[in-house]
Amino acid sequence: MRTAAIIVAAGRGERLGGTMPKQYRLLGGEMILTRALRAALAAPGIDAVLAAIDPEAEAHYAEAAAPLSDPRLLDPVAGGSHRAETVRRALEALAEHAPEVVLVHDAARPFASHALFSALAQEAGAETGAIPAEPVVDALWRGADGLAEAPVARAGLWRAQTPQAFPFASLLAAHRAAAESEAPPALDDAEVFRRAGHAVHLVPGEPENVKITTAADLARAERQLARGPAMTETRTGQGYDVHRFAAGDHVTLCGVRIPHDRGLEGHSDADVGLHALADALYGAVGDGDIGTHFPPSDARWKGAESHVFLRHAGERVTARGGRVVNLDITLLCERPKIAPHAPAMRARIAEILALDPGRVSIKATTMERLGFVGREEGMAALAAATVTLPMIESS
C-alpha cells in the first residue's frame with residue numbers, strides 16, 4: 001500500500017507574534033517544520049512526503065529541509081489562499097506518484113508519533129477516512145462580551161488533530177468538487193471528505209500531539225521537549241488458544257490460508273495464532289481478552305476474519321500511548337508444516353499491526369504424537385507480546 005504524507009506549512013501564524021511564520025520558528029534549537037517533516041519520514045510505510053508552503057517562504061523551507069537528506073522528501077508546492085486550496089494543490093502534485101492513502105498533517109503539530117501515523121493509515125479504507133481525536137472532557141460555555149452566557153453540552157464532542165488519513169483518489173476528487181462549489185471553504189480535510197458523502201472514523205488521538213498556535217503554546221512545547229519522552233514501563237502479556245479439527249480443505253494460521261485435508265472449527269475463522277496473539281496484547285495492557293471485546297454469543301462475529309480482533313488489540317495498545325516492541329508466536333501441530341509459511345505469517349501480522357516484520361517471530365513445534373495435538377484432534381498456539389506504556393505512578 002503506497003502511502004504519502006502532506007505537511008501543510010503555508011500558514012503565516014500571526015497569532016504567535018513576530019514576523020517569522022510559526023512553522024519556521026525554533027523549538028529546541030530546530031525549526032518546527034523540520035520536526036514535523038522528520039516525524040512523517042520516520043513513520044513506517046511512508047513512501048513520499050510533500051510540504052505545501054507559502055511561495056514567499058522558499059528560503060525558510062530550504063533551511064528547514066536541509067537536515068533531512070531523504071529522497072522521499074519531494075520538492076515543495078506553493079499553497080493557496082486558504083487551507084482547502086493548499087491541500088488540493090498538494091494532492092494534484094502527488095497524483096503522479098499514485099499513492100493509495102494520503103495523510104494530511106499540520107506543520108504546527110511536531111509531536112505526532114510514528115504509531116499515530118501508522119494507525120491512521122491502516123484505518124483509512126476504500127471510501128472512508130480516519131482522523132485522530134480526543135473527547136472533550138472540560139465544561140463548555142458559549143460566551144458574549146466576556147461573560148459566560150450559556151452552557152454547551154459536551155456529549156459526543158471531539159477535538160480533532162492531524163494527521164488525517166484518506167484514500168488518495170477519493171480525497172482528491174472531493175477537493176476538486178469543493179473547488180467548484182460555492183460553499184465556504186472547509187476547515188479541515190475531514191469536512192471536505194464528508195461533504196463528498198464519505199464516512200470518517202475517529203481514532204484515539206494523543207495528548208502530546210499539541211498544536212503550536214500562540215506564544216504560550218510554543219513555551220509549553222519547549223517545556224514538553226525539555227521533559228523528554230514520558231517515562232515508560234515495559235509489560236508482557238501471554239495468550240493461548242486451541243481449536244479442534246473439523247471437515248474442510250484449509251486452515252487459516254496467523255492470517256495465512258494454508259491448504260490442508262481438514263479445517264479448524266470455531267465461531268470465527270478459528271485462527272489460533274491470531275487469537276492467542278490478540279489475547280497476549282490485551283493481557284499486556286490489562287484489557288481483558290477476545291471474549292471480552294468480541295463475545296462468541298454475538299452473531300456479528302460468526303465467521304469473522306481474525307485480523308479484526310488483532311487490529312483491535314493493537315489499537316487498544318496505541319490508545320494507551322503504548323508501542324509494540326516484540327511478538328512471539330508458537331504454533332503446536334503435527335501437520336501442516338509451518339516453516340514454509342512462516343515468512344508470509346510474519347508479514348501479515350506486521351501489516352495488520354503496522355510493525356516492522358523484524359518485531360514478529362513465528363515458531364512451530366510438534367507434540368511428538370502426545371496429547372490431543374499429537375493425535376491430530378486439534379491445534380494450539382502460544383503467544384507472548386512485549387509492549388511499552390507510559391509509566392503509571394503509584395498512588
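**Talking through a predicted model**

Biologist: Okay, over to α5. Is L171 buried or exposed?

Modeller: L171 sits in helix α5 (residues 168–180). Setting aside neighbours within four places in sequence, L171 is in contact with L91, V102, V104, F166, D189 and F193. Its relative accessible area is 0%, and buried means under 20%, so L171 is buried.

Biologist: Which side chain makes a polar contact with the side chain of T162?

Modeller: T162 is in the loop between β10 (158–160) and β11 (164–167), and at 4% relative accessibility it counts as buried. A polar atom of the T162 side chain also lies 3.1 Å from the backbone nitrogen of D106. The side-chain partner, at 2.8 Å, is H105.

Biologist: Which residue does a cis peptide bond join to T162?

Modeller: Look in the loop between β10 and β11 again. Omega for this bond is about 10 degrees, and the residue joined to T162 is P163.

Biologist: There's another cis bond, from R335. What is its omega near?

Modeller: That bond runs from R335 to P336. P336 has its place in the loop between β17 (323–332) and α11 (342–353). For this cis bond, omega is near -5 degrees.

Biologist: A270 has a positive phi although it is not a glycine. Is A270 buried or exposed?

Modeller: A270 lies in the loop between β16 (263–264) and α8 (272–284), and its phi is about 60 degrees. With 0% relative accessibility, A270 counts as buried.

Biologist: And E368, buried or exposed?

Modeller: E368 also isn't a glycine, and has a positive phi of about 55 degrees. Its loop is the one between β18 (360–365) and α12 (371–374). The relative accessibility is 63%, so E368 counts as exposed.

Biologist: Last one: what is the area of the nonpolar surface patch that includes L382?

Modeller: L382 is in strand β19 (residues 378–390) and, at 40% relative accessibility, counts as partly exposed. Y240, V242, F372 and L382 make the patch, with an area of about 330 Å².

How values were computed. Residues numbered from 1 in each chain as written. Predicted model: local features only at pLDDT ≥ 70, side-chain atom pairs only at ≥ 80, totals over all residues. Heavy atoms only, no water. Patch = residues over 30% accessible without salt bridge, like charges linked within 9 Å, V, L, I, M, F, W, Y side chains within 5 Å. Areas by Shrake-Rupley, 256 points an atom, 1.4 Å probe, with all protein chains shown as cover. Salt bridge = Lys/Arg side-chain N within 4 Å of Asp/Glu carboxyl O. Helix = DSSP H or I, 4+ residues; strand = E, 2+ residues; numbered from the N terminus. Buried < 20%, exposed > 50% of the residue type's maximum accessible area, 1.4 Å probe, protein only. Contact = heavy atoms within 4.5 Å. Polar contact = N/O pair within 3.5 Å; in protein donor to acceptor, adjacent residues only side chain to side chain.
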